[in-house]
Amino acid sequence: MHAKAKPSKWLAGVCSFAPLFLVTSVFAQTSPVNTATPASVTVQLNESQESLSAPPLVSNVSSTPNAPNPAKAASLFAPVTQSNTPKIYTMGAPAGPAEMDLRQLWNELKLNNPQLSSLRESYLSAKATVPQINAPANPQVGLVWSGMPVNSPFALGGANAPTSQYPNGVSSNNAITLAQPLQFPGKKSLASDIANTNAEALLAQSESTYLQLGAQLSTLYYGALASQKQLQVLKESVMRLEMIKNVAKARYSNNAAAYVEYLNAQVAQSAAQADQFIVERQLSVSLHNINTLIGRHSREKLILRGDVRRAISSVPTLLELEDYAETSHPSLKSSALQLEAARKGVDLAKKAYLPDFQVIGSSFTPRGPFSANNGAMYYQFELDLIIPLYFFTKEKYGVEQAQRNQAAAEAGNISNRQQIVLAVNGAYATYEQAKNQAQFLKERQVPQADAAYKVGLTQYSNNGQGFNDLLTAQTQLRSLEVQLALAESNLLQAQAVLLATSGKEPF
């Protein structure tokens, strides 16, 4: 009979017991007991067993019979050693997590960031060219002998035909010369001055890059603090929902509320706990990015110190920031130095019309250079002029090229100044908007949502109705508290970007 029963009837019979099983499973659910939330939030990555100098080995072992050999995987992912790893990745791991605030992070950025280290080395390399350009040209030493004999191609002995006075013959007009090239006075000093100015422009560019990377670091820092604040808000929300759940359970025990209210509170609590996983992942990514930016291995432990509320401070006016940027911004310093070097380049190009010199001193003797003295020695002094010929073609176009470079540097300086001022204006507008939003959330919306939640909880605890209103009020309070944390983080990020755009450090 059971084998011949119709499937539709059999399914209907099974479905008739489904509510019973559902209710049984619901009553079997229990919620974990929440512990007290600490006053401060400290976030650490859960990677205590990992070593910086030896990343974990990756094995591709599988249960299939044709799985690859795990020894090959071990060879592909061999531990990092001193010989095949950059220096910053072979530093020993600290004894414990590094605890830093924003100022310490900026110091680490300045000292250990690879991009800034490259710019510093480029500046030092450019500075090393200045004494090379200013140094005198190398002298030339020559050895001359002439009067080659028939059977002595090197003329180290007698070179002329033998005579009664010199039966072995003599080598005539043998000489030692010393030549020293000399540029027209002022050329070398001006060229070295141009090289020094260009080197200082590179230094100013490195300072501008430092501010840009610092603004990025501040953004990551305040974003991580916002994630920590969100975790704290979510933990407080879980505690509030635990209270609501306990009240709903007590009312259900007294037949004053439906059991679905307890279930809805439990679902909302689970959603808040699930949101914590997403925020923790965001915090982990931010910490990895901060470590990489300050020249540390991304897996090193890092704890961020800082109070978002205390970090919010007054910012100078827009006019003050514009004036400071136009006078002290490293990018404008760099463009001004490049313009100065271009103007000096025009002066140097004009000096190409002036001749250079060469001084030659010679010592002659009628003997072989490696033989005994067989005649009187005499000296000769020579002054050569290296004059520009061919109708000054190279010099004329050299001056034109220098003048074009000067015009380009002037236009670039003006454009750079305009871009800096526009960037300061845009950053200030973003800062004002973030400030107004954070102030509105802090002074109006969050207090209102908190009051609505407390009123709803009080009414519902006193056997009143409005469970959905209470749950909605709690959800709105949590959402607004998260928005406030993000708004304060955005405010501090905008503040740091504004100061860095103006050429200041955010301290």
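Here are some questions and answers about this predicted model.

User: How many helices and strands does the protein have?

Analyst: Helices (H or I, at least four residues) and strands (E, at least two) are taken here as DSSP runs, numbered from the N terminus. On that basis the protein has 12 helices and 6 strands.

User: What share of the 507 residues is buried?

Analyst: Buried means under 20% relative accessible area, exposed means over 50%, and partly exposed is in between (1.4 Å probe, protein chains only). Accessible areas come from the Shrake-Rupley method with a 1.4 Å probe, and for residues only the protein chains shown count as cover. The accessible surface of the protein comes to about 29900 Å², with 58% of it belonging to carbon and sulfur atoms. Of the 507 residues, the buried share is 35%.

User: What span does helix α7 reach from its first C-alpha to its last?

Analyst: Helix α7 covers residues 259–293, which is 35 residues. Just after α7, Gly-295 takes a positive phi of about 85 degrees.

User: Which elements are included in what covers the buried residues of α10?

Analyst: Helix α10 (residues 330–350) has 21 residues and reaches 31 Å, close to the 30 Å expected. Its buried residues include Leu-332, Leu-339, Val-346 and Ala-349. Contact means heavy atoms within 4.5 Å, and the cover of these buried residues includes α6, α9 and α11.

User: Which residue forms a salt bridge with Asp-101?

Analyst: A salt bridge is a side-chain nitrogen of Lys or Arg within 4 Å of a carboxyl oxygen of Asp or Glu, and by this rule the count comes to 11. For Asp-101, the closest N and O atoms of the pair are 3.7 Å apart. The pair links distant parts of the chain, 204 residues apart: Asp-101 is in the loop between β1 and α4, and its partner is in the loop between β4 and α8. Asp-101 is partly exposed at 25% relative accessibility, and so is, at 31%, the partner, Arg-305.

User: Are Lys-245 and Glu-242 buried or exposed?

Analyst: Lys-245 and Glu-242 form a salt bridge, with closest N and O atoms 3.3 Å apart. They are separated by about one helical turn because they are 3 residues apart in helix α6 (residues 187–253). Both Lys-245 and Glu-242 are buried.

User: In which helix do Asp-450 and Lys-454 lie?

Analyst: The side chains of Asp-450 and Lys-454 meet in a salt bridge at 3.1 Å, N to O. Asp-450 counts as partly exposed at 26% relative accessibility, and Lys-454 counts as partly exposed at 48%. The two residues are 4 residues apart, about one turn of their helix, α11 (residues 393–461).

User: Leaving aside neighbours within four places in sequence, which residues is Ala-473 in contact with?

Analyst: Ala-473 has its place in helix α12, and at 9% relative accessibility Ala-473 counts as buried. Asp-450 is 23 residues from Ala-473 in sequence and 8.0 Å away in space, C-alpha to C-alpha. With those neighbours left aside, the contacts of Ala-473 are Ala-452 and Tyr-453.

Key:
Residues are numbered from 1 along each chain as its sequence is written. This is a predicted model: local features need pLDDT of at least 70, side-chain atom pairs count only at pLDDT 80 or more; totals for chains, interfaces and linings use all residues. Side-chain values use heavy atoms; hydrogens and water are left out. The expected span of a helix is 1.5 Å times one less than its number of residues.
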